[in-house]
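I am keeping short notes on what I look up in this structure. The entries follow the order in which I checked things.

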Amino acid sequence: MTSTDPNMPSSPRSCLAIVLAAGEGTRMKSSKPKVLHQVANRSMLGHVLAALKAAGATGTAVVIGPDHEDVAKETQKALPEARIFVQRDRLGTAHAVLSAREALEQRTDDVIVAYGDTPLVLPETFAKLRAPLAEGAAVVAMGFEAKDPTGYGRFITSGDQLLAIREHKDATESERAITLCNGGLMAIRGDLALALLDRVKNDNAKGEYYLTDLVEIARDLGHRAAIAVVPEEEVHGINDRAQLAAAERMIQDRLRHEAMAAGVTLVAPETVFFSHDTRLGQDVVVEPHVVFGPDVVVEAGVVIHSFSHLEGARIASGAGIGPFARLRPGASIGPKAKVGNFVEIKNTELGAGAKVSHLTYLGDASIGAEANIGAGTITCNYDGFGKHRTQIGEGAFIGSNSALVAPISIGKGAFVGSGSVITDDIPDDALGLGRGRQIVKEGWAIEFREKALAAKKK
Ligand code: UD1
Ligand code: MG
């Protein structure tokens, strides 16, 4: 295709996305608004906003309920450029969309409506939804084949034409038998959106302003309505905790498949839990029962052994983690370093090839390359008021069961004797010992036993 092709748009179509997030979510039985509940460590709303951004929305409006300051905050965090509108009275989906009237007045080519409680929609689905608009359709509704259509709006069709969407409560017996249902997402031609929305009335079983009425309104005005069909999973809406758990299952499955497709070995994928932002390099091996919290980056060739829990961590190539390791925010593990069982690491850089093999806590520390941290080492980083740093030089050797009282610095190549409580800095290549001196009494046991036996015979 050349740039002179008359069918080639000179620039991508502009698109306003309106996200309806005014739901109370009473069935969640929660003190926080429904759309703030998380799947894969990101709020439902955050997922929707990220997908819209990836889909190329040029503007976004989020419609929130009154007194939902925290939803406004989450919106600002997830997508700072989004505009926020408040729907004071909950009078239906069309009314909610019209709450963003000011945004609609700034005409875009396309308008898409998404729900804040439907977080599994993929960016490419938004593109699929918009596509018929470029071919002249006035409205495009997102449909799916429902296993159980109860409660959903039904698509009334003729061939590939969408004639109307009938809400469950308003549908006749025969209409209720239809299984092609409305997923809720809709795309509307930007130049028509306000005119169509302003025609919606609330003369239906619920007395609400239905967004779904746009289909018939557009057709009455001589326009065409189209359908985009997606798998039911993508339009999975969340109203209660069981549906939230189902969404988590689906999103975890996606993340597992993505990881494996990118060259990661998951020995038992169904037991590994990812965060939406987990990044894993090629040939990473994740053994069964590993949990990734937010913000973890793992480079190529790392092995994460079973029962490890990681969040806010960076792991360089070739390192080994676990089993039973806990990496907390600020853990930065160098190339080929080893973190063994029952080791907790927080806000600490572990140098290349360093080893922390067993039963250790490292917090607020910096450990040089090739250092060896013995079993049971503890950085005493907290004095009840503030946190203090521990510095350990390259190639240092920390004997087992030592307490390093921060702030403290242990030099390159230095040794710490086992069982020490170290409170003073140790220079390079020195030995630091901080423990009771051992004494040995020859023959003491013989004398002791004789006395004890004699006492017993009395
Ligand atoms: C809606 C659709 C139905 C579709 C179903 C898919 C309409 C009229 N019906 O029905 O065809 O099958 O979704 O899940 O659109 N909201 C507001 N303000 C309101 C009303 C709703 O923000 O005044 C938000 C809700 O928080 C929710 C979304 O809009 O995120 C959908 O509203 P809901 O009441 O769940 O609509 P349904 O009856 O499920
Ligand atoms: Mg609903």
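Entry one, a strand pair. I looked up β16 (residues 297-298) and β19 (residues 313-315) in this predicted model. The two run parallel and are joined by two bridges; strands count as paired if DSSP finds at least two bridges between them. A strand here is a DSSP run of E with at least two residues, a helix a run of H or I with at least four, and both are numbered from the N terminus. I found Val298 opposite Ile315 in β19.

Entry two, the sheet. Which order do the strands of the open sheet have? I noted eight strands, β13-β16-β19-β22-β24-β26-β29-β32, with parallel pairing. The edge strands, β13 (279-280) and β32 (408-410), each pair on one side only.

I listed 19 residues around ligand 1, with Gln87, Gly92, Thr93, Glu167 and Asn182 among the closest; a residue is near if one of its heavy atoms lies within 4 Å. I then checked polar contacts, pairs of N or O atoms within 3.5 Å. An oxygen atom of ligand 1 is 2.6 Å from a side-chain N or O atom of Glu167. A polar backbone atom of Asn182 is also 2.6 Å from an oxygen atom of ligand 1. For a polar side-chain atom of Lys206, I noted 3.2 Å to an oxygen atom of the ligand.

Residues are numbered from 1 along each chain as its sequence is written, chains are lettered from A and ligands numbered from 1 in the order written. Local features need pLDDT of at least 70, side-chain atom pairs count only at pLDDT 80 or more, totals for chains, interfaces and linings use all residues, and side-chain values use heavy atoms, without hydrogens and water.

How values were computed:
A polar contact is a pair of N or O atoms within 3.5 Å; within protein, one must be able to donate a hydrogen and the other to accept it, and residues adjacent in sequence count only if both atoms are side-chain atoms.
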